[in-house]
Amino acid sequence: MERPRTHPGPVPVLLLGDVLLVTLQGDLHDSTAEQLQHEIAHHIATSPAPVGGVVIDISGIEIVDSFLGRVLAEIAASARLLATRTVLAGMRPYVAITLVELGLTMPDLSTALDAERALSLLGRGTRTTPPTHPEEGA
């Protein structure tokens with residue numbers, strides 16, 4: 001089994017198979033958010049194998065201001081230009097309300113309730129139920 005690789009930086013970026021997993025925790029300073037944006041784009045562009053998706057888990061974020069919302073939208077737009085889909089996972093209801101109130105639209109960004117569902121949206125992840133095989137002739 002391939003061991004997840006991390007990319008050095010203030011926010012860990014794990015490569016799980018062909019998916020970059022980014023988990024944001026606590027307050028994210030503006031400079032850190034910008035650095036993360038450049039790091040993700042650089043990783044997608046320079047990876048020896050194509051990156052199939054980016055999952056950004058924000059379940060550990062209490063507040064999303066207009067700057068962070070814009071950075072998340074820009075990460076998704078950059079990834080899309082590099083042929084990679086981004087899924088934002090773990091958004092709390094009050095964060096969603098704040099983003100709507102700020103007028104931030106994120107057309108290049110899909111959302112999921114948690115990281116597992118985000119991986120499913122990307123066509124990856126573990127299957128929770130075994131596949132069924134109909135009997136022949138039934």
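How many salt bridges does the count come to? By the rule used here, a side-chain nitrogen of Lys or Arg within 4 Å of a carboxyl oxygen of Asp or Glu, the count comes to four. This tour visits some of them, along with a helix, a strand pair and a loop.

**Before you start**

This is a predicted model: local features need pLDDT of at least 70, side-chain atom pairs count only at pLDDT 80 or more, and totals for chains, interfaces and linings use all residues. Residues are numbered from 1 along each chain as its sequence is written, and side-chain values use heavy atoms, with hydrogens and water left out.

Colour by pLDDT, the predictor's confidence in each residue, from 0 to 100. The protein's mean is 84, and 83% of its residues reach 70 or more. Now select residues 128-138. Here the pLDDT is below 50, and beyond near neighbours in sequence the stretch has one contact in the model (heavy atoms within 4.5 Å). Where pLDDT is low, the predicted coordinates should not be read in detail.

Switch to cartoon view. Helices (H or I, at least four residues) and strands (E, at least two) are DSSP runs, numbered from the N terminus.

**Stop 1: Asp18 and Arg124**

Select Asp18, in the loop between β2 and β3. Leaving aside neighbours within four places in sequence, Asp18 is in contact with Pro50, Val51, Gly52, Gly53 and Arg124. Ala49 is 31 residues from Asp18 in sequence, and 7.6 Å away in space, C-alpha to C-alpha.

Arg124 forms a salt bridge with Asp18, with the closest N and O atoms 2.7 Å apart. Arg124 sits in the segment after α4 (115-121), so the pair ties together parts that are 106 residues apart in sequence.

Check the surface next. Buried means under 20% relative accessible area, exposed over 50%, and partly exposed in between (1.4 Å probe, protein chains only). Arg124 is partly exposed at 30%. Asp18 is partly exposed too, at 26%.

**Stop 2: Arg92 and Glu62**

Select this pair. Their side chains meet in a salt bridge, 3.2 Å from N to O. Arg92 lies in the loop between β5 (85-89) and α3 (93-101), and Glu62 in the loop between β4 (53-60) and α2 (66-81). The pair links distant parts of the chain, 30 residues apart. Arg92 is partly exposed at 26%. Glu62 is partly exposed at 44%.

**Stop 3: Arg117 and Asp114**

Here the salt bridge is 3.9 Å, N to O. Arg117 is partly exposed, with a relative accessible area of 46%. Asp114 is partly exposed at 31%.

**Stop 4**

Show β5 and β6 (residues 109-112). Four bridges join these strands, which run parallel; two strands pair if DSSP finds at least two bridges between them. Pick Leu88: its bridge partner in β6 is Thr111.

β5, α3 and β6 make a right-handed β-α-β unit. Right-handed means that, with the strands pointing away from the viewer, the path from the first strand over the helix to the second runs clockwise.

**Stop 5: α1 and His29**

Step back to His29, in the loop between β3 (19-25) and α1. Is His29 buried or exposed? His29 is exposed, at 56% relative accessible area. Finish on Phe67, 38 residues from His29 in sequence and 9.8 Å away in space, C-alpha to C-alpha.
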